[in-house]
Amino acid sequence: MSNRITMQDSIVTGRKFVPIGSGTISARKRLANILTSYKDVNNRFSMLVIKDITSDSVITPEEKALLKTRWDELSSAYTRLMQTIEDSGLGDMNEVTKLKEAYATVYLQLQNILADMNTSSSVPIGFENNLSSFNEWFNIVSQSFATISYGLSFYDLRVSSSSYYLKEGDIAVVTATLYKGSEEYTGEYLKDIMDTISWTSTGISPHAGYEGDPVNYYKSGYSVRVPYSAFDSEFSVRATVNIPYDILIPS
């Protein structure tokens, strides 16, 4: 979903419901993977090296060989970075789109430069500006994810149930609550967030009859019936919500 990051939490049970994991941990882990990928790209890409190669407006075969090595390393790391971003559902951010466009422009020019590795070539018009644009958007997106990761650290989705000890055939109501710090979140985005909630269960059947609080969307509930065949087996219930980027940016 556009301009959102997914947060999940779940509970598992055999004879009782036990909260596991954390919505914040799973979402922040994905962001941490993105920031790690950024460091990988940054470590492999030196603006100074490429600017030095292109400083005299002519790229010799020896410089092309070095340029190709540097670019191949960058391209590989960049591809992993983009895949991590897409897997996290953040590929539709405007900043990411701008970064992709800047990368594509530089990539096309470099393909032309490296088409003939045996002769010298002139530096294409606008190449250094395009390279600087890519580097600028690279830094902007990196900072955006760092900011989102920091903002997300204040929020947590918690799934719980008042039906702690269960027996066969019991009907249990599971509740998802969004927290900001140690307090339940009741801000202006609560309805928007809870409208996105989805529930999944494994080894246990949904039970109709509970739809949460339609008045203030303070919490969202999900009702399940413990199957007779599952008394000694493990089953789980998971809630997923989408958090708008807007509330993740510290004011």
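Predicted model: local features only at pLDDT ≥ 70, side-chain atom pairs only at ≥ 80, totals over all residues.

**Aromatic rings**

I started with a count: eight aromatic pairs turn up in the structure.

I looked at Tyr-78 and Tyr-103 next. Their ring centres are 3.7 Å apart and the planes meet at 10°, under the 30 degrees cut-off, so I logged the pair as stacked. I then checked where the two sit in the chain. Tyr-78 belongs to helix 3 (residues 61–87) and Tyr-103 to helix 4 (residues 94–113), so this pair links distant parts of the chain, 25 residues apart.

Buried or exposed, I asked of Tyr-78? Its relative accessibility is 6%, and the limit for buried is under 20%, so Tyr-78 goes down as buried. Tyr-103 comes out at 10%, so I put it down as buried too.

I moved on to Tyr-150 and Phe-154. Here the centres lie 5.2 Å apart with the planes at 90°, which is over 60 degrees, so I called this pair edge-to-face. For accessibility, I have Tyr-150 at 47%, partly exposed, and Phe-154 at 37%, also partly exposed.

Which residues cluster with Tyr-78 and Tyr-103? I found both in one aromatic cluster along with Trp-71, Tyr-107, Phe-134 and Phe-138.

**A charge over a ring**

I found its charged end over the ring of Tyr-179, 3.8 Å from the ring centre.

Key:
Residues numbered from 1 in each chain as written. Heavy atoms only, no water. Phe/Tyr/Trp six-rings, centres within 6.5 Å; stacked < 30°, edge-to-face > 60°. Helix = DSSP H or I, 4+ residues; strand = E, 2+ residues; numbered from the N terminus. Buried < 20%, exposed > 50% of the residue type's maximum accessible area, 1.4 Å probe, protein only. Lys NZ or Arg CZ within 6 Å of the ring centre and 35° of its normal.
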